[in-house]
Amino acid sequence: MMDSQLYDKVESLQNMLVAFSTDGQADDEEYKRIRRELISDTTINSKLPQFLNTNRDLKQFWQYIKRQYSTYQQRREFLWTTFAPILKYIEESNESPGDAIVTQTIVDFNAEYVSKEWQKALQRRFDDPEAAITSSRSLIESICKHILDEQAVSYDEKADLPKLYKSAAELLNLSPSQHTEPIFKQILGGCQTVVEGLGSMRNKLSDSHGNGITQPKPASRHAKLAVNLAGSMASFLIQTYAEKKKKQISL
């Protein structure tokens, strides 16, 4: 869910500056407090309006804004436009509910390059949808290869994602053909379809190939879908593999 406290803090600062710039009242100490808190927040400080870095109190801000814009309407429009990107970012870029669970599962997997792909996917899903889709596909590919390598199962280095997943799924008894119960066949078939979809999405919508004039561009919602699906499949594969290793140790 959205970090409503952070959103309210940024919006409060915006409204304070709009009021102050148009002959309204504003508390200088409150301005300095909110400014200081936002600048020290490493998750958003790079996205704050640049003038906050140099205008440490309202007197300095007044000197800045009155030189830039002479009318109240110009000042309002400037501040609304300047704060709009960061407010939109806060609305869209907060973690999905399952992010922390997937992250911990991947950390426990203890494969640094897998963790890096997951972090890339998380970081890119809002600002760079094409790269996020590529990272989502690479995440599943890396996990499949890691599992196959540890179990000494050979595979073609040039194999596409569906083929790698098929090999890993058969090793983990996750192939639909390995089950007779209809509900398991349906669920595992759905997992296979998800992985195939991630591979196709990566080929069609990611940054892995050169694009032509008519190449479709993914939106952030497509990237979020890809990342969420990849995260769920990553957790499922890792947890299933962990169970397999436990059984191997007990034998």
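Trainee: How many residues does helix α2 have, and what does it reach from its first C-alpha to its last?

Mentor: Bearing in mind that this is a predicted model, helix α2 covers residues 28-39, which makes twelve residues, and it reaches 16 Å from its first C-alpha to its last, close to the 16 Å expected at 1.5 Å a residue.

Trainee: Which residues of α2 are buried?

Mentor: Those are Y31, I34, R35 and L38. Seen down the axis of α2, they fall within an arc of 100°, so they line one face of the helix. As background, an α-helix has 3.6 residues a turn, so residues three or four places apart point the same way.

Trainee: And what covers the buried residues of α2?

Mentor: The cover includes α1 (4-21), α3 (51-54) and α4 (58-68), while on the other side of α2 the residues E29 and R36 are exposed.

Trainee: What caps the N-terminal end of α2?

Mentor: That is D27, with a side-chain oxygen that lies 2.8 Å from the backbone nitrogen of E29.

Trainee: Switching to the protein chain, how many helices and strands does it have?

Mentor: It has eleven helices and zero strands.

Trainee: How does its radius of gyration stand against that of a compact globule?

Mentor: The protein chain has 24 Å, whereas a compact globule of 251 residues would be near 18 Å, and along its principal axes the C-alpha trace spans about 75 × 50 × 30 Å.

Trainee: What share of the residues counts as buried?

Mentor: Of the 251 residues of the protein chain, 40% count as buried, and the chain exposes about 14200 Å², of which carbon and sulfur atoms supply 50%.

Key
Residues numbered from 1 in each chain as written. Predicted model: local features only at pLDDT ≥ 70, side-chain atom pairs only at ≥ 80, totals over all residues. Heavy atoms only, no water. Helix = DSSP H or I, 4+ residues; strand = E, 2+ residues; numbered from the N terminus. Expected span 1.5 Å × (residues − 1). Buried < 20%, exposed > 50% of the residue type's maximum accessible area, 1.4 Å probe, protein only. Arc of directions from axis to C-beta. Contact = heavy atoms within 4.5 Å. Polar contact = N/O pair within 3.5 Å; in protein donor to acceptor, adjacent residues only side chain to side chain. Rg over C-alpha atoms; globule rule 2.2 N^0.38 Å. Areas by Shrake-Rupley, 256 points an atom, 1.4 Å probe, with all protein chains shown as cover.
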